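Thanks for coming. I will go through one structure today, starting with a pocket and then turning to charged pairs and the surface.

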Amino acid sequence: MSHSAYNKIWAEAQEAIDVLLQHEIPEQTPKPEKDRLLVFQMLANFYIKYIQIFQNLEVAYSQIVHPQKRRVIRHVLDGVMGRILELKNEMVELEFSEFHFFDDVLQDLKLTPVSVIFFPPN
């Protein structure tokens, strides 16, 4: 693939982050949700989308050679990894378990379980 393809992957990941942030931080503060299942599904949805963004950014980071772009992508990667850990912590506190089953969320997003495997960055 060419440099423009990886720049496009990076731009798409940035757009996905913007969309996720708009969903996570709405303009009006919503009422607290009391249904634990609904809250878990929302957190799991964000978690899976952040993992997909992380995977795309990781591909772009590993293939882009420009040092200034790599530094910016690495900074964004660190932020996305931090958010993934925050979401995982929130899910652990909500479910009181380290293991989560994303079957329903994966089916809604039409993904396979392999797509949510989180590998540490290279």
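Helices H1 (3–24), H2 (36–63) and H3 (67–95) each give at least two residues to the lining of the largest pocket. Of these, H2 supplies the largest share, five residues. Helices here are DSSP runs of H or I with at least four residues, strands are runs of E with at least two, and both are numbered from the N terminus.

Before going further, a word on the source: this is a predicted model, where local features need pLDDT of at least 70 and side-chain atom pairs count only at pLDDT 80 or more, while totals for chains, interfaces and linings use all residues. Residues are numbered from 1 along each chain as its sequence is written, and side-chain values use heavy atoms, with hydrogens and water left out.

Back to the pocket. Rolling a probe the size of a water molecule over the atoms shows where empty space is left. On a 1 Å grid over the protein atoms alone, a pocket is an open set of points where a 1.4 Å probe fits, with protein on both sides within 12 Å along at least five of seven lines, and lining residues have an atom within 4 Å of a point. The largest pocket holds about 360 Å³ of space, a volume being the space filled by probe spheres set on the points, which are joined across faces, edges and corners. It has 14 lining residues, and Pro 30, Lys 31, Glu 33, Val 39 and Met 42 lie nearest its centre.

What classes of residue make up that lining? Eight are nonpolar, one is polar and five are charged. Nonpolar covers Ala, Val, Leu, Ile, Met, Phe, Trp, Tyr, Cys and Pro; charged covers Asp, Glu, Lys and Arg; the others, Gly among them, are polar.

Next, the charged pairs. Side chains of opposite charge can pair when their charged atoms come close. The cut-off for a salt bridge is a side-chain nitrogen of Lys or Arg within 4 Å of a carboxyl oxygen of Asp or Glu. The whole structure has four salt bridges.

One of them joins Glu 24 and Arg 83, with the closest N and O atoms 2.4 Å apart. Glu 24 is in helix H1 and Arg 83 in helix H3, so this pair ties together parts 59 residues apart in sequence. Is Arg 83 buried or exposed? It is buried, at 18% relative accessible area; buried means under 20%, exposed over 50%, and partly exposed in between, with a 1.4 Å probe and protein chains only.

Arg 83 also forms a salt bridge with Glu 90, at 3.8 Å between the closest N and O atoms. Through shared partners, Glu 24, Arg 83, Glu 86 and Glu 90 belong to one network of salt bridges.

Asp 78 and Arg 74 form another salt bridge, 3.4 Å from N to O. These two are four residues apart in helix H3, about one helical turn. Asp 78 is partly exposed at 38% relative accessibility, and Arg 74 is partly exposed at 27%.

Last, the overall picture. The protein has four helices and zero strands, and its C-alpha atoms fill a box of roughly 45 × 35 × 25 Å along the principal axes. Of its 122 residues, 32% are buried.
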